[in-house]
Amino acid sequence: MASTNKTSKGLNAWLPTDLPAMDDFNTDNQVASENALWKDDYDPTGAVAAAGGIPAYQAANGMKKSDYDPAGAVATAGGIPAFALSKSGLAQVTGTATDNAMSQKAATDAFVENSHVGVGLWTGSWTSGNIAVPGISNYSQFSVATNLGDGVATLLGSNFRFMGNYATDSRITVASLDATLSGNTLTWKNGYGIQLLPSATSLSAKQPLTVAGIYGII
């Protein structure tokens, strides 16, 4: 028999004395299916939406089916939902997995090129005096190649400061450079390297430092 009591949605609420029957469960399943929260508010197909194929929740909040439709079935262009297009400027890439991978690489390469990441600003042999580095003022972080190992330099105001190091089984080498910038001209102030042997208790004598390349990072 049906339950003595019912929930607000019409589901059975049995008492210990009630005797459930199969029809009771079938009725509960039908009520749950017809009144489930997801069906009205979140149904991605918009099957029971109030208007225009838009689920009630999205319609009430001013959203359109093209804003969220994962299949892009009603997108305005290129199979990309309108919301994605308006927020990110995305464009659909169609084709094989190889085509898409190549497109992603091209996008990455374009980003690097357009943002000037890793651009070579100067190469040569700098041990003292001045060098002109066109475009140096466009960056604050640099990759610097030297005879004592590569490292990173930072431009703080007019101060260009580099630190690099590397290690082998026999020694650790650390190099440092302090220079000043005026316009696009770097002026060497101090720069050298030192070595530490694992068996030694003191540092080696200064090692001559030669800068071979400066590359802009950010």
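1. Ground rules first. The model is predicted, so local features need pLDDT of at least 70 and side-chain atom pairs count only at pLDDT 80 or more, while totals for chains, interfaces and linings use all residues. Residues are numbered from 1 along each chain as its sequence is written, and side-chain values use heavy atoms, with hydrogens and water left out.

2. Searching the whole structure gives three aromatic pairs. Rings of Phe, Tyr and Trp (its six-membered ring) pair if their centres lie within 6.5 Å; planes under 30 degrees apart are stacked, over 60 edge-to-face, and the rest tilted. Trp 126 and Trp 188 are edge-to-face, because their ring centres are 5.1 Å apart and their planes stand at 90°. Trp 126 belongs to strand S3 (residues 119-126) and Trp 188 to strand S9 (residues 185-196), so this pair ties together parts 62 residues apart in sequence. Strands here are DSSP runs (E, at least two residues), numbered from the N terminus. Both tryptophans, Trp 126 and Trp 188, are buried, where buried means under 20% relative accessible area, exposed over 50% and partly exposed in between (1.4 Å probe, protein chains only).

3. Next, a tilted pair: Phe 142 and Phe 160 lie 5.3 Å centre to centre, with 55° between the planes. Phe 142 sits in strand S5 (residues 141-146) and Phe 160 in strand S7 (residues 159-167), so the pair joins parts 18 residues apart in sequence.

4. What does Phe 142 touch, beyond residues up to four places away in sequence? Its contacts (heavy atoms within 4.5 Å) include Leu 121, Val 152, Phe 160 and Ile 214.

5. The largest nonpolar core has 23 residues, and Trp 126, Phe 142, Phe 160, Leu 186 and Ile 214 touch the most other members. Such a core is a set of buried Ala, Val, Leu, Ile, Met, Phe, Trp, Tyr and Cys residues joined through side-chain atoms within 4.5 Å. Among the elements giving two or more residues are S3, S5, S7 and S9; S8 supplies the largest share, four residues.

6. Finally, a loop residue: Thr 7 lies between strand S1 (5-6) and strand S2 (12-13). Thr 7 is partly exposed, with a relative accessible area of 35%. Leaving aside neighbours within four places in sequence, Thr 7 contacts Asn 12 and Ala 13.
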